[in-house]
Amino acid sequence: MLVSEILRIKGNALYTTTPDAPVLGAVKVMAQHDIGSLVVMDRGRMAGLVTFAEVLRALADREGTIGSLTISEITDRNPLTAAPSIDVNELRRIMLERHARYVPVLDGTTLQGVVSFHDVAKAVLEEQSLE
């Protein structure tokens with residue numbers, strides 16, 4: 001199974017934010033949509049990824065307050081990314097090695113979606129069930 005198939009099954013909802021957005025706004029979006037990450041977009045290009053881990057780290061560093069913190073201050077500017085053509089088992093191996101929970105899927109520089117470790121595990125399980 002390819003990553004593109006996971007995206008096809010998940011649908012094409014993309015949740016993004018901008019570098020100058022407040023972290024509190026990102027937290028609200030993630031909570032509202034029950035997602036663990038937002039792709040940071042700057043002028044139509046991916047500029048990084050913010051996950052709940054970066055938010056928690058910021059809270060810990062700031063004694064439990066976010067204040068006026070912006071996305072650019074906590075963004076992972078070099079997240080693991082994947083092409084839609086990569087095999088799900090290969091992505092699973094890489095995600096485990098890098099401890100990555102969320103992976104933006106890029107076709108060249110075009111954002112196709114985000115695949116979570118949960119999505120990958122579900123796809124592998126379904127693939128094994130079919131065999």
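Guide: A helix is a DSSP run of H or I with at least four residues and a strand a DSSP run of E with at least two, each numbered from the N terminus. Glu127 is found in helix 5, which covers residues 117-130. The model is predicted: local features need pLDDT of at least 70 and side-chain atom pairs pLDDT 80 or more, whereas totals for chains, interfaces and linings use all residues. Residues are numbered from 1 along each chain as its sequence is written, and side-chain values use heavy atoms, without hydrogens or water.

Visitor: What does Glu127 touch, not counting residues up to four places away in sequence?

Guide: Contact requires heavy atoms within 4.5 Å; with that exclusion, Glu127 touches Met1 and Asn89. Glu127 and Asp107 are 20 residues apart in sequence and 24 Å apart in space, C-alpha to C-alpha.

Visitor: How many aromatic pairs does a search of the whole structure find, and why is the pair of Phe52 and Tyr102 called edge-to-face?

Guide: The search finds one aromatic pair. The ring centres of Phe52 and Tyr102 are 6.2 Å apart, with 90° between the planes. Rings of Phe, Tyr and Trp (its six-membered ring) pair if their centres lie within 6.5 Å, and planes under 30 degrees apart are stacked, over 60 edge-to-face and the rest tilted; therefore the pair is edge-to-face. Phe52 belongs to helix 3 (residues 52-61) and Tyr102 to strand 4 (residues 102-107), so the pair ties together parts 50 residues apart in sequence.

Visitor: How do you know whether Phe52 and Tyr102 are buried or exposed?

Guide: Buried means under 20% relative accessible area, exposed over 50%, and partly exposed in between (1.4 Å probe, protein chains only). Phe52, at 33%, is therefore partly exposed, whereas Tyr102, at 18%, is buried. The buried residues of helix 3 are Ala53, Glu54, Val55 and Ala58. Helix 2 (23-33) and strand 3 are among what covers them.

Visitor: What makes a set of residues a nonpolar core, and which members of the largest core touch the most others?

Guide: Such a core consists of buried Ala, Val, Leu, Ile, Met, Phe, Trp, Tyr and Cys residues joined through side-chain atoms within 4.5 Å. In the largest core, of 16 residues, Leu91, Val103, Val115 and Val120 touch the most other members. Helix 1 (3-10), helix 4 (88-98), strand 4 and helix 5 each supply at least two residues of this core, and helix 4 gives the most, with four. A second, separate core of 13 residues includes Leu38, Ile66, Leu69 and Ile71.

Visitor: How is the lining of the largest pocket divided by class?

Guide: Ala, Val, Leu, Ile, Met, Phe, Trp, Tyr, Cys and Pro count as nonpolar, Asp, Glu, Lys and Arg as charged, and the others, Gly among them, as polar. By that scheme the lining has seven nonpolar, seven polar and two charged residues. A pocket is an open set of points on a 1 Å grid over the protein atoms alone, where a 1.4 Å probe fits, with protein on both sides within 12 Å along at least five of seven lines; lining residues have an atom within 4 Å of a point. Of the 16 residues lining the largest pocket, Lys10, Ala13, Tyr15, Ile35 and Val114 lie nearest its centre. Strand 5 gives the most to this lining, with four residues.

Visitor: Which element gives the most to the lining of the second largest pocket?

Guide: Helix 3 does, with four residues. That lining divides into seven nonpolar, two polar and five charged residues.
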